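Subject: Handing over the model

Hi,

Here is the structure I promised to pass on. Have a look at it first, and my notes follow below.

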Amino acid sequence: MRYFTIGMVLLLSLLSACTQDKASIESESDATIKEADLTAFEKHMMEIAGTYSFSYDIEIKSDKVKELHTTIDYYENGDFKRKIVDSYTTLTEEDLKEKIRTVFVRQQPTNDQEQWISSVMTKDGYSTAESKFDITNRKKIESTTWGGISDKTPLKIGEKRIVASLINSDKNAVSIRTNIETKEEIKEATNYEQVYLISVELQ
């Protein structure tokens, strides 16, 4: 009984420390980002909009934030090929008082073309960036895996945060990373035939 009690105390201490660490990190951040809590109607609209889509809500905590930078980087077999989306949205003081939603949508109107749309929605309106690419000579891959962050994740001004990835691969085992920060982690996350990394950055 004594050992059980000691074990429970240690477990509760560890859980408490983890909770405090998470709370401390969030309190020191300039904003937090998490997967958007969409209504059934919004989910349906996202499904209509594109084959694959990602949506996130950003809560700004610092009045020093001036812009939101959104990017989509494309890799093949671990090598960076091009920046598909590279968009800047200016944020007003009024924008900072409300949640900001950012949406990324991939469309493929034909087998030879793809289009990515990045949109930032604020209280004052929205900004949208679109990029179309010819994929005629790209290797055809049947399997696609995608995913990203879901829980609240801290953001700091000047730090690029990868929030989602989409992988086209014929490999038997594909692993989606939800926390990608270092060069080694990026290399591991992009070690597939075709990979898109979706990022946000406060400026």
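Accessible areas here come from the Shrake-Rupley method with a 1.4 Å probe, and for residues only the protein chains shown count as cover. On that basis, the protein chain exposes about 12000 Å², of which carbon and sulfur atoms supply 51%.

Two notes on conventions. This is a predicted model, in which local features need pLDDT of at least 70 and side-chain atom pairs count only at pLDDT 80 or more, while totals for chains, interfaces and linings use all residues. Residues are numbered from 1 along each chain as its sequence is written, and side-chain values use heavy atoms, with hydrogens and water left out.

**Confidence and overall make-up**

pLDDT is the predictor's confidence in each residue, from 0 to 100. The protein chain averages 87, and 87% of the residues score at least 70. Please be careful with residues 1-20, where pLDDT stays under 50 and the model has zero contacts beyond four places in sequence; a contact means heavy atoms within 4.5 Å. Where pLDDT is low, the predicted coordinates should not be read in detail.

The protein chain has four helices and eleven strands. These are DSSP runs numbered from the N terminus, helices being H or I with at least four residues and strands being E with at least two. Of the 203 residues, 41% count as buried, where buried means under 20% relative accessible area, exposed over 50%, and partly exposed in between (1.4 Å probe, protein chains only). Among contacts with a separation of 6 or more, 65% are between residues 24 or more positions apart.

**Strand β6 and its partners**

Strand β6 (residues 113-122) is largely enclosed by the rest of the structure, because eight of its ten residues are buried. Two strands pair if DSSP finds at least two bridges between them. Strand β5 (residues 100-110) runs antiparallel to β6 over eight bridges, with T102 opposite V120, and a hairpin of two residues joins β5 to β6.

Leaving aside neighbours within four places in sequence, S55 is in contact with E35, A36, L38, M46, T102 and V103. S55 counts as buried, because its relative accessibility is 8%.

**Salt bridges**

I used a side-chain nitrogen of Lys or Arg within 4 Å of a carboxyl oxygen of Asp or Glu as the rule for a salt bridge. The count comes to eleven. One of them is between E42 and R101, at 3.3 Å from N to O. E42 lies in helix α2 and R101 in strand β5, so this pair ties together parts that are 59 residues apart in sequence. E42 is partly exposed at 29% relative accessibility, whereas R101 is buried at 17%. E42 and R101 also belong to a salt-bridge network with D57.

K83 and D73 form another, with 2.8 Å from N to O. K83 is in strand β4 and D73 in strand β3, so the pair ties together parts that are ten residues apart in sequence. Here K83 is partly exposed at 35% relative accessibility, and D73 is buried with a relative accessible area of 5%.

**Two surface details**

Which residues make the nonpolar surface patch of about 350 Å²? They are F41, M45 and I48. Patches are made of residues with over 30% relative accessible area and no salt bridge, with like charges joined within 9 Å and nonpolar side chains (Val, Leu, Ile, Met, Phe, Trp, Tyr) within 5 Å. M45 sits in helix α2 (residues 40-49) and is partly exposed at 41% relative accessibility.

The other detail is N77, in the loop between β3 (67-76) and β4 (79-90). Its phi is near 50 degrees, a positive value in a residue other than glycine. Most residues other than glycine have a negative phi. N77 is exposed, with a relative accessible area of 52%.
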